[in-house]
Amino acid sequence: MNIVTITNQKGGVGKTTVSVHLACGLAERGFKTLLVDLDGQGQASTHLSGDTAINRRPSGGAELLFDREKLAAGITPLSTPLGVDLLFGHNALSRIDEGERSVSDAMEVRDSVRALPYEFIVIDTPPAMQLRQLAAVLWADTLITVIEPEEKAVAGWTRVRDMVKAASAKGFLVDGFQALVLLNRVDTRIADQRSAVTRMKAAVPGMIDTVLTARQAVVSTAYSSRLPIWQLKKDKVDADYAALWRDLPNAIGLTDRPHPNFASEAV
Amino acid sequence: MASVLDFLGEAMMDGDAEPAMKSSSQTVQRMDVERISPDSNQPRRWFDEEKLENLAASIRQMDLLQPILVREEAGQIIIVDGERRWRAAKLAELKDVPVVFSAQAQARVLLAQVVANENREGLADIELAKVIDTIKREYKITGRELGKLLNRNDAQISRLMLLVKNPEILQLAEEGVITCAEHAALFAALDPDIQAELVTNARENETALSYQDLAARKDKPQAAMPTPDLNQLAASDDDGGCEPVHDDLGAAHNSRTESHRDRVTEHDGDEAAIESIDGAPHRALQDQEHEAVGEENPAKAKGSGSLTLTPAQFSHLFEDDPDFLESVTSITLKANSGLIAELSNRCRVS
């Protein structure tokens, strides 16, 4: 079991895209994978399920993870066409942050969440540092913070770092917890971004620098087609770019197992 | 547990990120809980005591992680977002809490003053445009957000901004030759020769350009110059002060079947130097109110189409969704020959 939590401190940096593609990539490698969408907008849930109104369902989604009794009785996530199981995100999740649950609740359910029958659980979080995001950090083996190469991003990342430090100091983190920073590089032709990348690399050792380019039109195409980028038709997406997304689980060290298409391409 | 610190090394251990990388508008600072007050204009919500206690319990364990969004008004620090967290923090007996000043809320306070002045004194478009320009730059907020705050649509905002963005028009507005945003939009769409003629006349007679002057010149089709369809100018326009654009204005253009145009949605205001964008077939952008234009650009049948936009419309589109450029095959710019020569030089260099 490996719980991978995806966060950021600013919307629109590609957090949801990373969550969905990691989950699909892991599922296609044969891992039993669950995506937990703690973001009330439910975009990841729509991408996986195709249901554009999924976030208006009042219950039956990600809130189940905070419910000790329901967890004990056994919960049934949705199955999706892309082979990833889903605990969907919905508007009512905000109640968790508003005091419906506490840090103690999040700690109490941790063992049950970690005992769910999955090899990977990918958790997409809302961008506010409240209980939902914190809980997802407290449950995680791997925390991935997605940032863009811009000045503000480091300030946002600093806050995630402080949260991790505080949780670590209290002994609240899972043994073997690791934190990664995924730099979703947007455009290196922009001088501003080039210098930001250089400075960030200096400030954040071990940062994974990718060119996932969240703003590419192909990301929207993938979303509206309800497919991962690498499953789009060849005329829609550059093969190298698609492979970058497809091989993300390997690139960030979640698994050594190559994607099934990886071998066939080499032949 | 050590692995956290191992992985991120020094950075996890260090204090704050270097100041150069901080953005003032995003900076989190700690502030005395008692200095902050809830917004008395907010409809009083009821706070469930039990949930508040849960929240306080979390805060006691992990501090308040998400800063409270505040604004400053008349020396007071007022909550924009996070009253519940603020109450819980007090319950948890926190002395100080993290706060972030909301640029938008701060801009709103400024704008409220502007609007109050506007109502009292009838602020001229040019003055309003200047204020908006300043606020936009200072608070890094988009025209669309400002439009919402000011209760004006995108088209009205971009039309206003034409007054300050184009130095030539700014100059004419300062002189009083152009008196409102709508006139500026009409003026900008005219052929440079006609513009010069109108300006000379106006200066000689010491009068402002009138709507009739501008519309009359506009009515004459200019050869080989694709023009946005004035028919599409929304009737929803209530800039005030200027006459509305009449429906019959578009008649001359309607007869030109080859004219590059399409539904241009509510970004309808200002037609300055004109560019057309040739590209993949595009759908109507947003506006549900207008019916589709009857005639189509013949090119569309072959799977491509073209669209003529004002600079303001183009920049709106681009601001909104830079991705669309990827599906565009070419962009034609239309401006006076000097600028074209300069731009073409610059393109050659880069």
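Two residues are in contact if their C-beta atoms, placed from the backbone, lie within 7 Å. The model is predicted: local features need pLDDT of at least 70, side-chain atom pairs count only at pLDDT 80 or more, and totals for chains, interfaces and linings use all residues. Residues are numbered from 1 along each chain as its sequence is written, while chains are lettered from A and ligands numbered from 1 in the order in which they are written.

**View 1. Surroundings of Arg57(A).** Arg57(A) sits in the loop that joins helix H2 (43-49) to helix H3 (68-73) of chain A; helices are DSSP runs (H or I, at least four residues) and strands likewise (E, at least two), numbered from the N terminus. Leaving out residues up to four places away in sequence, Arg57(A) touches Phe88(A) and His90(A). Its C-alpha atom is 8.8 Å from that of Gly89(A), 32 residues apart along the chain. Arg57(A) counts as partly exposed because it has 16 C-beta neighbours inside 10 Å (buried means 20 or more other C-beta atoms within 10 Å, exposed 12 or fewer, partly exposed in between).

**View 2. The open sheet of chain B.** Its 5 strands run in the order E1-E5-E3-E4-E2, with mixed pairing; two strands pair if DSSP finds at least two bridges between them. Strand E1 (29-32) and strand E2 (36-37) are the edge strands, each pairing on one side only. Strand E3 (residues 68-73) and strand E5 (residues 96-101) of chain B are paired in the parallel sense over 3 bridges. Val70(B) has Phe101(B) of E5(B) as its bridge partner.
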